[in-house]
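Subject: A structure for you to look at

Hello,

Here is the structure I promised to pass on to you. Have a look at it first, and then read my notes below.

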Amino acid sequence: MFDNGICISGVGHHLPETSEDNEALCRNLDVTPEWIVEKTGIQRRYIAAPEDSASAYAVAAARRAVTMAGVPANEIDLIIVCTFSGDYIFPPVSAKVQLEIGAVNAQIFDLQANCTGFVTGLTAASDRMRVDPTVRNALVIGVELCSRYIDRKDVNTAIYLSDGAGAAVLSRTAPEYGIKASAFHTDASNFEAVRMRGGGSSHGMIGRAYDPAVDHMEMNGIATWKQAITHMPKVIRKACEKSCVALADIDFMIFHQANYNLIEYIVRKMRLDMSKTFTNVREIGNTGAASLAIALSEAVERNLLRNGQTVLFAAVGAGFNFGASVWTWHMPSAETA
């Protein structure tokens with residue numbers, strides 16, 4: 001056992017002021033609001049204003065998480081921002097977060113694992129804290145402005161994608177609490193199924209005109225569904241095995257909020273119950289790497305997690321990559337609330 005446990009001591013999230021329901025979206029699509037709900041469960045999504053930025057959303061969520069954790073900014077020693085839609089290709093969003101919140105001692109980097117980003121970021125941060133005792137607290141943020149990259153007339157992307165940010169502070173605790181183990185898996189056989197080519201080094205912006213064929217996000221929903229139902233249960237079981245926890249003993253689960261029907265299918269496939277999870281995808285949509293972070297923040301707001309519970313996080317992202325982690329939940333602020 002490690003000398004210290006690594007727990008989540010604070011969470012926070014931020015959403016745009018403007019939301020779009022299915023009725024408004026369908027003015028530009030050849031489908032009905034009822035069809036969107038039947039296929040995805042999603043009823044609305046949040047859309048950033050033109051003046052909004054990923055870094056501003058990340059900072060807003062981070063400040064709420066840091067306040068809940070009660071950690072001074074100068075005691076945050078690591079900032080990881082999980083995103084594929086940062087303000088710029090570089091420098092990283094995490095550098096702007098460090099500046100804005102005054103975390104002058106923090107190492108920073110951005111992490112790009114698509115919608116698996118937040119699970120990956122939490123694992124990377126906790127691993128770093130375990131091997132380096134000088135890392136007192138870490139801040140992990142998931143943020144996306146997906147609306148900047150989608151064609152609002154493309155039914156394959158517009159019905160799902162949304163904007164927002166979520167954050168978590170990781171702190172040291174007693175060794176029996178916090179993250180127990182993580183598991184990851186990649187199946188790149190459908191590498192091209194979910195992609196954003198424009199702006200990459202293979203499809204640079206210099207010397208060519210705007211091309212809607214490559215300058216919008218592309219998504220093959222069927223391929224995504226098949227990948228998720230095949231590999232998500234496997235990676236969840238692997239994380240449980242590494243944690244010495246039986247799947248049936250998981251008290252609460254939070255998933256990447258891709259599609260309500262997909263979450264429900266996976267939960268049923270594992271012979272678990274939807275009462276053991278919290279979803280917000282129907283009201284918020286799919287916010288990419290931010291989605292699990294936002295769902296976690298909302299679940300904490302609703303007092304759905306209790307100290308001592310065995311909690312599972314799981315996600316699937318483009319690539320396709322999968323991640324899951326198991327935690328013995330312990331939030332110190334809940335003990336004094």
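Before we start, a word on naming: helices are DSSP runs of H or I with at least four residues, strands are runs of E with at least two, and both are numbered from the N terminus. Please also keep in mind that this is a predicted model.

Asn280 sits in the loop between α8 (260-269) and α9 (281-284). Is Asn280 buried or exposed? Residues count as buried when their relative accessible area is under 20%. Asn280 has a relative accessible area of 3%, so it is buried. Leaving aside residues up to four places away in sequence, Asn280 touches Gln257, Gly285, Ile294, Ala295 and Glu298. With one of these, Glu298, there is also a polar contact of 3.1 Å between the side chains.

Now for the sheet. Strands of a sheet pair through backbone hydrogen bonds, either parallel or antiparallel. Here, 5 strands form an open sheet with mixed pairing, in the order β1-β7-β6-β4-β5. The edges are β1 (5-14) and β5 (107-111), each of which pairs on one side only. From one strand to the next, the twist averages 20°.

β7 pairs with β6 (residues 137-145) in the antiparallel sense, over 9 bridges. In that pairing, Glu144 stands opposite Gly164, and Val143 has Ala165 as its bridge partner. β7 also pairs with β1, again in the antiparallel sense and over 9 bridges. There, His13 has Gly166 in β7 as its bridge partner. Why can we call β7 largely enclosed by the rest of the structure? Because 10 of its 11 residues are buried.

Two helices to find against the sheet are α5 and α10. Helix α5 (residues 117-131) lies across β1, β4 (76-82), β5, β6 and β7, and runs at about 165° to β6. Helix α10 (residues 291-301) packs on the sheet and touches β1 and β7, with its direction at about 95° to that of β1.

Next, look at α2 (residues 33-40), where Pro33, Ile36 and Thr40 are buried. Which part of the helix do they line? Seen down the axis of α2, the buried residues fall within an arc of 60°, so they line one face of the helix. The face of α2 turned away from the buried side carries the exposed residues Glu34 and Glu38. Among the elements covering the buried residues of α2 are α1 (22-25), β3 (44-47) and α8. Just after α2 comes Gly41, which takes a positive phi of about 80°.

Lys226 lies in helix α7 (residues 221-243). Lys226 counts as exposed because its relative accessibility is 53%. From C-alpha to C-alpha, Lys226 and Tyr149 are 24 Å apart in space, and they are 77 residues apart in sequence.

Enjoy exploring, and do write back with any questions.

Best wishes

Methods. Residues are numbered from 1 along each chain as its sequence is written. This is a predicted model: local features need pLDDT of at least 70, side-chain atom pairs count only at pLDDT 80 or more; totals for chains, interfaces and linings use all residues. Side-chain values use heavy atoms; hydrogens and water are left out. Two strands pair if DSSP finds at least two bridges between them. Axes are lines fitted to C-alpha atoms, for helices over the stretch in contact, and angles run from 0 to 180 degrees between N-to-C directions. Contact means heavy atoms within 4.5 Å. Buried means under 20% relative accessible area, exposed over 50%, partly exposed in between (1.4 Å probe, protein chains only). A polar contact is a pair of N or O atoms within 3.5 Å; within protein, one must be able to donate a hydrogen and the other to accept it, and residues adjacent in sequence count only if both atoms are side-chain atoms. The arc is that of the directions from the helix axis to the C-beta atoms.
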